[in-house]
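User: I am new to this structure. Please take one part of it and look at that part closely, with its surroundings.

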Amino acid sequence: MNETLNPLSPPLKSSPPAAEKLEQAFLEEMLKYCGPKPEGGAFGGGIGENQFGSFLTQEYAAVLAAKLDLGFGKRLDLQ
């Protein structure tokens, strides 16, 4: 069967190497404390922002880990 890819589907990604996963976990913990904070008042996300804000922090950390090289792999010989 000839399958075509849906242009709206996200691209297939391979699993990141161990060093990038470690950097992502480190950045995620850092962003929990010093990253963007939820807005209050009329422009806040309310209960949904409280429940799902961690997913946004996780995605911020993944993007940062993909763009930055903190050198964890070289220091820990993971690469």
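Where is Gln-24 placed, and which residues is Gln-24 in contact with, leaving aside its neighbours within four places in sequence? Is Gln-24 buried or exposed?

Analyst: A word on the source comes before the details. This is a predicted model.

Start with the whole chain. The chain holds 3 helices and 0 strands. Read from the N terminus on, its elements run α-α-α. Of the 79 residues in the chain, 15% are buried. Take the contacts in the chain with a separation of 6 or more: 88% of them join residues 24 or more positions apart.

Now the residue itself. Gln-24 lies in helix α1, which covers residues 18-34. Its relative accessibility is 18%, and the cut-off for buried is under 20%, so Gln-24 counts as buried. Leave aside the neighbours within four places in sequence, and Gln-24 is in contact with Gln-58, Ala-61, Ala-62 and Ala-65.

Next, the helix around Gln-24. α1 has 17 residues, and at 1.5 Å a residue they should span 24 Å. The end C-alpha atoms of α1 are 24 Å apart, so the two values agree. The buried residues in α1 are Ala-19, Glu-23, Gln-24, Leu-27, Glu-28 and Leu-31. An α-helix has 3.6 residues a turn, so residues three or four places apart point the same way. What covers the buried residues of α1 includes α2 and also α3, residues 72-76.

Then the partner helix. α2 takes in residues 46-67, and its axis comes within 8 Å of the axis of α1. The two axes cross at roughly 130°. That angle makes α1 oblique to α2. The crossing of α1 past α2 is right-handed.

Which residues meet there? From α1 come Glu-20, Glu-23, Gln-24, Leu-27, Glu-28, Leu-31 and Lys-32. From α2 come Thr-57, Gln-58, Tyr-60, Ala-61, Ala-62, Leu-64, Ala-65 and Ala-66. Sorted by class, this contact of α1 with α2 has 8 nonpolar, 3 polar and 4 charged residues. Gln-24 is among the α1 residues taking part.

Two loops complete the picture. Glu-39 sits in the loop between α1 and α2. With 55% relative accessibility, Glu-39 counts as exposed. Not counting residues up to four places away in sequence, Glu-39 touches Gly-44, Gly-45 and Glu-49. Glu-39 and Glu-49 are 10 residues apart in sequence, and their C-alpha atoms are 9.0 Å apart in space.

The other loop lies between α2 and α3, and Asp-69 is found in it. Asp-69 has a relative accessible area of 51%, so it is exposed. With residues up to four places away in sequence not counted, Asp-69 touches Glu-23 and Lys-74. Glu-23 is one of the buried residues in α1. Asp-69 also lies 50 residues from Ala-19 along the chain, with 9.2 Å between their C-alpha atoms. Ala-19 is another of the buried residues in α1.

Back to the request. Gln-24 is a buried residue of α1, and its contacts include Ala-61 and Ala-65.

Methods: Residues numbered from 1 in each chain as written. Predicted model: local features only at pLDDT ≥ 70, side-chain atom pairs only at ≥ 80, totals over all residues. Heavy atoms only, no water. Helix = DSSP H or I, 4+ residues; strand = E, 2+ residues; numbered from the N terminus. Buried < 20%, exposed > 50% of the residue type's maximum accessible area, 1.4 Å probe, protein only. Contact = heavy atoms within 4.5 Å. Axes fitted to C-alpha atoms, helices over the stretch in contact; angles between N-to-C directions. Parallel < 35°, antiparallel > 145°, perpendicular 65-115°, else oblique. Left-handed = near helix turned anticlockwise from the far one by under 90°. Nonpolar A, V, L, I, M, F, W, Y, C, P; charged D, E, K, R; others polar. Expected span 1.5 Å × (residues − 1).
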